[in-house]
Amino acid sequence: NTVLECGIGFDSSKNCFVLPTFQYSTSINNYLIGFEYRPSDFSKKITRSKGTPTAMAMINCFTPKTEVLAIVEGYMDGYALLQYLTEKKQDKFYHIVTPCNGISGLNTHIKEIAYQNLEQVMLDNNLIEKKIDFNVDNDEAGNNAANELLQKYSFLKRISMDCGCKDFNEHYLKCIKKIQTK
């Protein structure tokens with residue numbers, strides 16, 4: 001379901017997965033701004049379509065039911081989080097976003113988030129405080145970016161995993177799915 005909802009494809013001639021990059025938005029309009037290509041073995045040889053700008057990208061769409069903005073470090077973490085939330089029937093309450101060029105772009109692109117629209121939805125739904133979950137990799141780059149952003153944006157709530165997993169994708173595969181298969 002996540003593959004279909006997110007428009008993930010596979011290019012058999014290039015033997016790679018094709019991940020669409022949708023420009024972050026809180027409006028009804030979704031703009032496809034490029035593609036990321038991942039080798040079928042998921043090695044780190046990631047490329048992007050020519051002209052794909054660096055920006056904040058959406059994993060799923062913002063809706064009037066959105067209660068939580070979830071910022072993740074990359075596409076795979078975003079897809080795993082969406083899959084998990086869908087399984088828990090909580091996906092409609094979350095708007096998942098990621099910087100399309102990785103953690104190095106988060107500090108720049110976090111400014112693209114339309115906090116006013118998010119705040120209005122929160123008020124309309126009688127939510128008292130902004131709910132912005134921030135889940136980046138538990139590595140040096142992720143921790144450095146998190147520390148810098150948490151100093152600038154006190155309303156961010158960093159989500160950490162106590163299990164030792166590097167990121168949400170690893171946590172989903174090793175911890176959550178393992179628990180669900182027992």
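This is a predicted model: local features need pLDDT of at least 70, side-chain atom pairs count only at pLDDT 80 or more; totals for chains, interfaces and linings use all residues.
View 1. Several residues of α2 are buried, among them Tyr75, Asp77, Gly78 and Tyr79. Ala80, Leu81, Leu82 and Leu85 are buried as well. Just after the helix, Lys89 adopts a positive phi of about 55 degrees.

**View 2. Glu73 sits in the loop between β6 (68-72) and α2 (75-87).** Glu73 is buried but forms no salt bridge. Lys166 is the nearest side chain of opposite charge, 5.8 Å away. A polar atom of the Glu73 side chain does lie 2.7 Å from the backbone nitrogen of Asp137.

**View 3. Surroundings of Glu73.** Leaving aside residues up to four places away in sequence, Glu73 touches Thr98, Pro99, Gly102 and Ile103, among others. Its contacts also include Asn135, Val136, Asp137 and Gly142. Asn135 itself belongs to strand β8 (residues 132-135).

**View 4. Strand β8 pairs with β6 and with β9.** β6 and β8 run parallel and are joined by four bridges. Within this pairing, Ala70 stands opposite Asp133. Three bridges link β8 to β9 (residues 156-158), again in parallel. Here Ile132 faces Leu156 as its opposite residue.

**View 5. Side chains of β8.** Ile132 and Phe134 point one way from the strand. Asp133 and Asn135 point the other way. All four are buried.

Notes. Residues are numbered from 1 along each chain as its sequence is written. Side-chain values use heavy atoms; hydrogens and water are left out. Helices (H or I, at least four residues) and strands (E, at least two) are DSSP runs, numbered from the N terminus. Buried means under 20% relative accessible area, exposed over 50%, partly exposed in between (1.4 Å probe, protein chains only). Lys and Arg count as positive and Asp and Glu as negative; His and the chain ends are not counted. A salt bridge is a side-chain nitrogen of Lys or Arg within 4 Å of a carboxyl oxygen of Asp or Glu. A polar contact is a pair of N or O atoms within 3.5 Å; within protein, one must be able to donate a hydrogen and the other to accept it, and residues adjacent in sequence count only if both atoms are side-chain atoms. Contact means heavy atoms within 4.5 Å. Two strands pair if DSSP finds at least two bridges between them.
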